[in-house]
Amino acid sequence: MHELSIAHSLVELAIEAAEHTGIKRVQALYVKLGALSGVVKEALVFSFDAVIQGTPLEGARLVIEDVPVKVFCPDCQEAHILPEPFPMRCPVCGTKTGQLLEGREMELYALEGGVEDDVKPPDC
Ligand SMILES: [Zn+2]
């Protein structure tokens, strides 16, 4: 599954970033997900939960921010956010526009966690 390998790389990225920033225990990952990224959000969350088992990220949440498609319309000379990713037309004047500004990204943009190592999982 496509999302599984994405989840894997997200986890690797987050572990690396956590080491750099001194975060001992990651509680949440914040990811921007474009409407045209080709990633199914539910599948990604599901894969993420499976992938983090046994890693330093175990128990962390995946917080996904949806990024709508934003195009630049040459007629309006303005950027517009599309209510739907397709068709890729200016929502104001209807001009076909291929100038995609946002909507394709899949980006880890923040980590949340403690720098202290005092968070211990409860005893079962
Ligand atoms: Zn327009």
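User: In which loop is Q77 found?

Analyst: This is a predicted model, in which local features need pLDDT of at least 70 and side-chain atom pairs count only at pLDDT 80 or more, while totals for chains, interfaces and linings use all residues. Residues are numbered from 1 along each chain as its sequence is written, and side-chain values use heavy atoms, with hydrogens and water left out. Helices (H or I, at least four residues) and strands (E, at least two) are DSSP runs numbered from the N terminus. On that basis, Q77 is found in the loop between β3 (70–73) and β4.

User: Is Q77 buried or exposed?

Analyst: Buried means under 20% relative accessible area, exposed over 50%, and partly exposed in between (1.4 Å probe, protein chains only). The phi angle of Q77 is near 55°, a positive value in a residue other than glycine. Because its relative accessible area is 55%, Q77 is exposed.

User: Which protein atoms are the donors of the zinc ion?

Analyst: Donors are N, O and S atoms within 2.8 Å of the metal (3.2 Å for Na, K and Ca); water is not among the atoms, so sites may look incomplete. The donor residues follow the spacing C-x2-C-x13-C-x2-C in sequence. Lying 2.2 to 2.3 Å from the zinc ion, the protein donors are C73 (SG), C76 (SG), C90 (SG) and C93 (SG).

User: What geometry does the site of the zinc ion have?

Analyst: Four donors count as tetrahedral if all angles lie between 85 and 135 degrees. Ideal angles for four tetrahedral donors are 109.5 degrees. The 4 donor atoms of the zinc ion make angles of 103 to 116°, and the geometry of the site is tetrahedral.

User: With which side chain does the side chain of Y30 make a polar contact?

Analyst: Y30 belongs to strand β1 and is partly exposed at 22% relative accessibility. Its contacts (heavy atoms within 4.5 Å) beyond four places in sequence include R61, V63 and Y109. A polar contact is a pair of N or O atoms within 3.5 Å; within protein, one must be able to donate a hydrogen and the other to accept it, and residues adjacent in sequence count only if both atoms are side-chain atoms. At 2.5 Å, the partner of the Y30 side chain is that of E112.

User: Which residue forms a salt bridge with D66?

Analyst: A salt bridge is a side-chain nitrogen of Lys or Arg within 4 Å of a carboxyl oxygen of Asp or Glu, and the count comes to 3. D66 is partly exposed at 47% relative accessibility. Its closest N and O atoms with the partner are 2.9 Å apart. D66 lies in strand β2 and its partner in helix α2, so the pair ties together parts 25 residues apart in sequence, the partner being K41.

User: How many residues apart are R61 and E112?

Analyst: The side chains of R61 and E112 meet in a salt bridge at 3.9 Å, N to O. This pair links strand β2, which holds R61, to strand β6 (residues 106–114), which holds E112, and the separation of the two residues is 51.

Conventions. Tetrahedral: all angles 85-135°; square planar, octahedral: opposite > 155°, others 65-115°.
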